[in-house]
Amino acid sequence: MHDIKAIRDNPEAYDAAWAKRGLAPQSSAILAIDQRLRAAQTAGQEAQSKRNDASKLIGQAKGRKDEAEAARLMQAVEGYKVDLAAAGDAEKVEAESLRGLLASLANLPADDVPLGEDEQGNVEVRRCGDPKDVPAATLNAPKDHVDLGEALGMMDFDAAARMSGARFVVLKNQLARLERALGQFMLDMQTVQNGYMEVSPPLLVKDEALFGTGQLPKFAEDLFRTTGDHWLIPTAEVSITNIVREQIVATEDLPLRMTALTPSFRSEAGASGRDTRGMIRQHQFYKVELVSITTPEQSEEELLRMVGCAEGVLKALGLPFRTMLLCTGDIGFGARKTYDLEVWLPSQNTYREISSCSNCGDFQARRMDARFKAAGEKGTRYVHTLNGSGLAVGRTLVAVLENYQQADGSILIPEALVPYMGGVTQIGGKA
């Protein structure tokens, strides 16, 4: 959500920022609605003032026993009531129109976000690990995770399709344990090492929560809705960020860092035909989410810290990856700046996204009315919100299977996960 006062003060800056995202100028339409809204508010105030003045004069006229004047004033009051109601109706219509337009417009990119139309404009910041150093590098033709999992008899897409349709999987035996091990390892790393507070949030939320984090109303088709008035969360970002909804947080409590391991549910409505094979893009998957609530002064440094926390998981697992700074044409709707982590997948001979860490500035906070207040200060300010994956568990499982595969189809267990696997060091083959 955007600040209408700021748009009034500098509409050209907003149009220029939206242009970086490839959007047409919006300020003229916004200010036209805003002008009509303020005109309706002024008309209402004037009608109310006239009504009040006339009501006082009625009493005075009756005191003078001037019934004719009293009758005239009472008739005028009725007219002002009509004017007041009309102004109120007009104000409601224009307020809803303005709110709807502002809610539909993406966040403004930060000044240092590179210009670009799509992912081709993203900038590589750094690489970590060499794909030539992973076990799969010794193979002439690395298998993909589907072939590996099915050959082990531990990954069943057919059974999932019979009960749920496409984009689901049944994991069995040690692969099911490996998925659980990854989630627990990530959660422990983020809480114990990186100081995030563990949260167990609701998986079902109402419209207001999804509006607050920016999924509604624009991205409703990407979500799953229940037959009641709830939605399944597409990411724990929704639940965790809304913890500070309609709250005033003390400055000394910031930054507030929270994490959760939850299922995520996505319809993938906009991904028809993409990644239909395997576990890369599913309707249901586990993810460790990172959320930070900060002051405006802290948020840029906090974003870099969050990226480092996500990178630490990949480093601990020995998975090659690269960190990308997204361009203006590729950052998400609610983000002002985003870094993506892309992990190496041998079967595709390329890097694929496994985490996205974003600074949303005060964009979500305005939609949630989430503020902070320093001790001794009278006023409040909007917090800044940040979110990131630390990491997507399913895609990390894919990366582990493919990078740690052996010639016989077995999978080595990364050293960091061995304690979470009960001491098991290899899946399949000879342990």
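Which residues are buried in α12? In this predicted model, the buried residues of α12 are Val 393, Gly 394, Arg 395, Thr 396, Leu 397, Val 398, Ala 399, Val 400, Leu 401, Glu 402 and Asn 403. Because eleven of the eleven residues of helix α12, which spans residues 393-403, are buried, the helix is largely enclosed by the rest of the structure.

When residues up to four places away in sequence are not counted, Leu 178 touches Leu 397, Val 400 and Leu 401, together with Ile 413, Leu 417, Met 421 and Ile 427. The largest nonpolar core holds 52 residues, of which Leu 178, Leu 182 and Ile 427 touch the most other members. In soluble globular proteins, nonpolar side chains tend to be buried together.

Turning to helix packing, helix α3 (residues 27-63) packs with helix α4 (residues 67-104) at an angle of about 160°, and the axes of the two helices lie 7 Å apart. Since angles over 145 degrees count as roughly antiparallel, α3 and α4 are therefore roughly antiparallel to each other, and their crossing is left-handed.

The loop between α4 and β1 (123-128) contains Leu 115, a residue that is exposed, with a relative accessible area of 63%. Although Leu 115 and Arg 21 are separated by 94 residues in sequence, their C-alpha atoms are 8.3 Å apart in space. With neighbours within four places in sequence left aside, Leu 115 is in contact with Lys 20, Gly 121, Cys 327 and Thr 328. Arg 352, by contrast, is placed in strand β13 (residues 350-359) and counts as buried, at 18% relative accessibility.

With a disulfide taken as a pair of cysteine sulfur atoms within 2.5 Å, the count comes to zero disulfides. Cys 128 is in no disulfide, the nearest cysteine sulfur being that of Cys 309, at 15 Å; Cys 128 counts as partly exposed, at 25% relative accessibility. Cys 327 is likewise in no disulfide, and the nearest cysteine sulfur, belonging to Cys 360, is 17 Å away. Cys 327 is buried, with a relative accessible area of 0%.

The backbone geometry includes two cis peptide bonds to be described here, one joining Leu 254 and Pro 255, with omega about 0°, and another running from Gly 390 to Leu 391, with omega near 20°. Pro 255 is found in the loop between β8 (248-250) and β9 (256-265), whereas Leu 391 is placed in strand β16 (residues 384-392).

Positive phi values occur in residues other than glycine at Arg 167, where phi is near 65°, and at Asn 173, where phi is about 50°. Arg 167 lies in the loop between α6 (157-164) and β3 (170-171) and counts as buried, at 13% relative accessibility. Asn 173, on the other hand, is found in helix α7 (residues 173-193) and counts as exposed, at 59% relative accessibility.

Methods
Residues are numbered from 1 along each chain as its sequence is written. This is a predicted model: local features need pLDDT of at least 70, side-chain atom pairs count only at pLDDT 80 or more; totals for chains, interfaces and linings use all residues. Side-chain values use heavy atoms; hydrogens and water are left out. Buried means under 20% relative accessible area, exposed over 50%, partly exposed in between (1.4 Å probe, protein chains only). A nonpolar core is a set of buried Ala, Val, Leu, Ile, Met, Phe, Trp, Tyr and Cys residues joined through side-chain atoms within 4.5 Å. Contact means heavy atoms within 4.5 Å. Axes are lines fitted to C-alpha atoms, for helices over the stretch in contact, and angles run from 0 to 180 degrees between N-to-C directions. Helices (H or I, at least four residues) and strands (E, at least two) are DSSP runs, numbered from the N terminus. Angles under 35 degrees count as roughly parallel, over 145 as roughly antiparallel, 65 to 115 as roughly perpendicular and the rest as oblique. A crossing is left-handed if the near helix is turned anticlockwise from the far one by less than a right angle, and right-handed if clockwise.
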